[in-house]
Amino acid sequence: MLRAAGVISKNEQFLHPINVRPKPALPAKFAAGFAQALEDIAGTQATAMVAHAKHQSWDTKVGTDGYFHSLVVHPDCTGEDSWGRQPAANICERFGIKEWSTDRSMHVRVVNNLRANSPDRFQKAYERAAEMISLQHGPERPQKIV
């Protein structure tokens, strides 16, 4: 088994088309804070992902309105969340979502609800995300959210 892994890891032609799965820097429960911080720092618009169908065997929590995640969608249609930048379909696959859409107004509602219902927790998640994002996107720091 170890020999096979060594042979595979040295075969760049085989490995080149395989994307390395990034490790999440923040748990998914901080997705809205991460997306909002990324919007504030990088100037890309955050949006909600709305599930229309999911794999039956997955236990992904989906709100009654279909909300399951927030992220930023870039002009090339890739999505970025705390796992990094990748095709939106890949992000949905992580959650077991088969069909989805995006909804900017839903993200705004989610963020406003988090600010109102758990401001300290949201602020902590936002600041943690902002620190991580600033290291990747530049030295700009967002203002503290009130």
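Residues 24 or more positions apart account for 63% of the contacts in the chain with a separation of 6 or more, where contact means heavy atoms within 4.5 Å. This is a predicted model, in which local features need pLDDT of at least 70, side-chain atom pairs count only at pLDDT 80 or more, and totals for chains, interfaces and linings use all residues. Residues are numbered from 1 along each chain as its sequence is written, and side-chain values use heavy atoms, with hydrogens and water left out.

**The whole chain**

Start with the chain in cartoon view. Its secondary structure comes to six helices and five strands. Helices (H or I, at least four residues) and strands (E, at least two) are DSSP runs, numbered from the N terminus. Read from the N terminus, the order of the elements is α-α-α-β-β-β-β-α-β-α-α. The chain has 146 residues, and 38% of them count as buried. Buried means under 20% relative accessible area, exposed over 50%, and partly exposed in between, with a 1.4 Å probe and protein chains only.

**Strands β1, β2 and β5**

Select β1, residues 46-54. Which strands pair with β1? One of them is β2, in the antiparallel sense over five bridges; another is β5 (residues 97-103), also antiparallel, over six bridges. Two strands pair if DSSP finds at least two bridges between them. For the second, pick A48, which stands opposite D103 in β5.

Next, select Q45, in the loop between α3 and β1. Leaving out residues up to four places away in sequence, Q45 touches E39, L71, V72, V73 and R104. Draw a line from the C-alpha of Q45 to that of H74: these residues are 29 apart in sequence and 8.0 Å apart in space.

**From β2 into β3**

Move along to β2, residues 67-73. β2 pairs with β3 in the antiparallel sense over two bridges, and V73 stands opposite G79 in β3. The two strands form a hairpin with four residues between them. Select C77, in the loop between β2 and β3. Most residues other than glycine have a negative phi. C77 counts as exposed because its relative accessibility is 58%.

**The hairpin of β3 and β4**

Now show β3 (residues 78-81) and β4 (residues 84-87), which pair in the antiparallel sense over four bridges. This hairpin has two residues between its strands. Turn on the side chains of β3. T78 and E80 point one way, G79 and D81 the other way, and all are buried. In a regular strand the side chains alternate between the two faces of the sheet.

Two of the bridges can be picked out by residue. The partner of T78 in β4 is P87, and the partner of E80 in β4 is R85.

Stay on T78. Is T78 buried or exposed? T78 counts as buried because its relative accessibility is 15%. Its side chain is joined to that of R85 by a polar contact of 2.9 Å. A polar contact is a pair of N or O atoms within 3.5 Å; within protein, one must be able to donate a hydrogen and the other to accept it, and residues adjacent in sequence count only if both atoms are side-chain atoms. Apart from its neighbours within four places in sequence, T78 is in contact with V72, V73, R85, Q86 and P87.

**Helix α6**

Select M132 in helix α6. M132 is buried because its relative accessible area is 17%.

**The largest pocket**

Finish at the largest pocket, which holds about 400 Å³ of space. On a 1 Å grid over the protein atoms alone, a pocket is an open set of points where a 1.4 Å probe fits, with protein on both sides within 12 Å along at least five of seven lines; lining residues have an atom within 4 Å of a point. Grid points are joined across faces, edges and corners, and a volume is the space filled by probe spheres set on the points.

Which residues lie nearest the centre of the largest pocket? Select A28, K29, F30, Y67 and L114, out of the 17 residues that line it. The elements giving two or more residues to the lining are α3 (31-42), β2 (67-73), α5 (104-117) and α6 (119-137).
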